[in-house]
Amino acid sequence: MLRTSRSLIAVNRRRLNPYWGVSGSSDDDVHGALLKSVQERLECRALPSAPDKVWVGNGTGQTCIICTKTIYSDEIENEAVVPGDGVAITLWAHLGCLDVWRRATRAHKSECPSSEAGSSNDHPA
Ligand SMILES: [Zn+2]
């Protein structure tokens, strides 16, 4: 078991998954830049808010909505269905990218609380 996951990490080599390692400072620059670009995409509505509910599984070769890289079968893939323009849109993201996406969404909502007005009342202030 341990040997298998270690080889997966070695193959992966991208350090995208914060859950496999100690959340360190060396990834902060990479995540910081990605976080910024995700926030910009949220602001211009090029990207929907991060979903609360996702399906997790092994990568199926989909393209990550956050980093635009392929999610390979040795990586964790998060599948999310978000409401689009009248239809539901399915999006995929790496586990680490989903984390960045959620952080960006939280930051975006705290900056612009009015953008959420009327949609839901699930904020018991
Ligand atoms: Zn990604």
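Four donors count as tetrahedral if all angles lie between 85 and 135 degrees. The zinc ion in this predicted model meets that test: angles among its 4 donor atoms run from 103 to 118°, so the site is tetrahedral. For comparison, the ideal angle for four tetrahedral donors is 109.5 degrees.

Residues are numbered from 1 along each chain as its sequence is written. Local features need pLDDT of at least 70 and side-chain atom pairs pLDDT 80 or more, while totals for chains, interfaces and linings use all residues, and side-chain values use heavy atoms, without hydrogens or water.

**Zinc site**

The donors are C64 (SG), C67 (SG), H94 (ND1) and C97 (SG), at 2.0 to 2.3 Å. Donors here are N, O and S atoms within 2.8 Å of the metal (3.2 Å for Na, K and Ca); water is not among the atoms, so sites may look incomplete. Along the sequence the donor residues follow the spacing C-x2-C-x26-H-x2-C. Distant parts of the chain are linked: C64 sits in the loop between β1 and β2, C97 in helix α3, 33 residues apart. Both C64 and C97 are buried. Buried means under 20% relative accessible area, exposed over 50%, and partly exposed in between (1.4 Å probe, protein chains only).

**Fold and sheet**

The protein chain has 3 helices and 3 strands, in the order α-α-β-β-β-α. These elements are DSSP runs numbered from the N terminus: helices are H or I of at least four residues, strands E of at least two. Two strands pair if DSSP finds at least two bridges between them. The pairings are tabulated here.

| Strand pair | Bridges | Direction | A bridge partner pair |
|---|---|---|---|
| β1 and β2 | 4 bridges | antiparallel | N58 and I76 |
| β2 and β3 | 7 bridges | antiparallel | N78 and A93 |

Strand β1 covers residues 55–58 and β2 covers residues 76–83. The hairpin of β2 and β3 has 4 residues between the strands, and G86 takes a positive phi near 90° there.

**Core**

The largest nonpolar core holds 18 residues. Such a core is a set of buried Ala, Val, Leu, Ile, Met, Phe, Trp, Tyr and Cys residues joined through side-chain atoms within 4.5 Å. V38, C64, I66, A93, C97 and W101 touch the most other members. Elements giving two or more residues are α2 (28–43), β3 (88–94) and α3 (95–111). The largest share, 5 residues, comes from α3.

Contact means heavy atoms within 4.5 Å. Beyond its neighbours within four places in sequence, A93 contacts C64, I65, I66, I71, I76, E77, N78, L98 and W101.

**Two residues compared**

N78 lies in strand β2. Its relative accessible area is 2%, so N78 is buried. Leaving out residues up to four places away in sequence, N78 touches V54, W55, V56, L91, W92, A93, H94, L95 and L98.

T70 lies in the loop between β1 and β2. T70 is partly exposed because its relative accessible area is 27%.

**Whole chain**

Of the 125 residues, 30% count as buried. Among contacts with a separation of 6 or more, 55% join residues 24 or more positions apart. The chain exposes about 8400 Å², with carbon and sulfur atoms supplying 53% of that area. Accessible areas come from the Shrake-Rupley method with a 1.4 Å probe; for residues, only the protein chains shown count as cover.

Methods
Four donors count as tetrahedral if all angles lie between 85 and 135 degrees; four count as square planar and six as octahedral if opposite donors are over 155 degrees apart and all others between 65 and 115; anything else is irregular.
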